Amino acid sequence: MSMNFRPLILLLTVVFFAWQSMGYGEDNSNLLQMFVRNKFEDNLNKQEKIKLSKFLLVNGDLNRAKYHLNTLFDLGHHGELIKLRYLSYIAFVEDNFDGVINQSTSDFQFYPQICTLNVLAYLMKGDISQTKKEFINCKIRTGIYNQDDYFWLTNLIKLKENILKSSGSNEENHPSEKIQHILAPKTYKDLLTFVDSVNSALLWLKLGLYAGLHDDIITLLPNLPEEVFESHRFREIMALIYFRNKDHPNAKKFLEDVDTANAHNILAGIYLKQNKTELAFAEYKLALLKKHNSRNALEKIIPLSYILSDYNLGLDSINQLEFTGVNQTTLSIFRSIFLLRNKNYFEAWKALSGFDLTTTTHIPDRVFQMKNFLSILLNYSDEIDRYSNYACNQFDGLSCWVQTQLLIWPDFSKHFKRTSDQSPTPLFTSTNLIETWEVKNIKEDLIVDQENLQQLDETQDINNEIAKNIF
């Protein structure tokens, strides 16, 4: 047998025994798929792993991208530089700006590809002095590639510098200082002289949007070139500005014939403001068709899926959010709620397995109530007593009621599995009380005849008379 087939046979053998140990149930199919996928990805060569890491990075799966990058060694000088650049991107997205700077390299040839990211990292840290130094060096190396004279980055540095100066000198007198007070409308209007193309107009527009100068943007719209209004990206931003100004009709006008994820997200937001839940739900689904990992759409479609009882879509959206950096505790609670609504009680219980009485974090009361309910449905006797007792001590009335039922009925959970009608028949209902009914005489059995009573009365009268005459 050729040596090339031995790793494949070994892998198949491991998969077979893992499958045997886990069983053939549908619940374990995802685990098996994940196991096979990880084993397959681990056996890729270095070049294929770098390509896979880039694909995962672009699609927002940062954890898997970071995992594969950290398993790559001995890539050579050029390969190591690529690895460091990808790790820098991940660190920046995760707000780890020190990690971006630490991943930086002094390689002369590689510097133009990462210097802008370094400038932004220093800027986000608030180190203006180092930001300016890095920016000067970056402009020297990348000037031949730049077409907008560093409009965005230059003004962003000015804004950050003015904000830091303002917060340092007027923090006590003006605690609510906002960005729009830093970039004066007159200064913003002067920047119009730079606008000579669609790209420069977009940069100008984004700067005003970032600074909160919505009204000034609308006022200065007639000064923009006509071709700018044909850009879908420009119309998206203008729709967002009008949406923030609560001018929904104009926002919808700018989005006519614009079929992008951002456009559908904005339209969905408009419908939500108008309490048109189903239309908003449909727009968010269209946004996900255009961009499957749109965080804005995913976060909004989850509560709408619950309201409209589309629990499967809600679960799919939660699984998509798992790769966008959302708090995993929150996702576990949401996942359990949707699984419970789908009557998949065992999976819902597993989704809440991370919440235990030994945890150091605060556990919401709703989590205990769900664990109580699920333990009752799944007939976990010890868990019913354990969680209801703890929650009752935390003054949860529903859990205290469960505790009292356990004192009366130890097999309390079996009550929920009975299929027969368990409700008592009411003696009186609202229907019985309001419907007309016929009054009938009551038929009584004759015990003493009325004539006999009359005779007794007459006899008593005679005896009374006789008694009077005697005495």
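**Notebook: helix packing and cores**

I began with helix 18 (residues 311-321), whose buried residues are Y311, L313, G314, L315, S317, I318 and L321; buried means under 20% relative accessible area with a 1.4 Å probe, protein chains only, and helices are DSSP runs of H or I with at least four residues, numbered from the N terminus. I noted that this is a predicted model, in which local features need pLDDT of at least 70 and side-chain atom pairs count only at pLDDT 80 or more, while totals for chains, interfaces and linings use all residues. Residues are numbered from 1 along each chain as its sequence is written, and side-chain values use heavy atoms, with hydrogens and water left out.

I then looked up what the buried residues of helix 18 pack against, and found helix 16 (277-290), helix 17 (295-307) and helix 19 (328-341), contact being heavy atoms within 4.5 Å.

Next I turned to the nonpolar cores, each a set of buried Ala, Val, Leu, Ile, Met, Phe, Trp, Tyr and Cys residues joined through side-chain atoms within 4.5 Å. The largest has 71 residues, and Y188, W204, L205, F234 and M238 have the most contacts inside it. Helix 11 (residues 198-211) gives the most to this core, with 8 residues. Another core, of 14 residues, lies apart from it and includes I114, C138, Y150 and I157.

I also followed F234, which touches L202, L205, L221, L224, V228, F229 and F254, leaving aside residues up to four places away in sequence.

Conventions: Buried < 20%, exposed > 50% of the residue type's maximum accessible area, 1.4 Å probe, protein only. Helix = DSSP H or I, 4+ residues; strand = E, 2+ residues; numbered from the N terminus.
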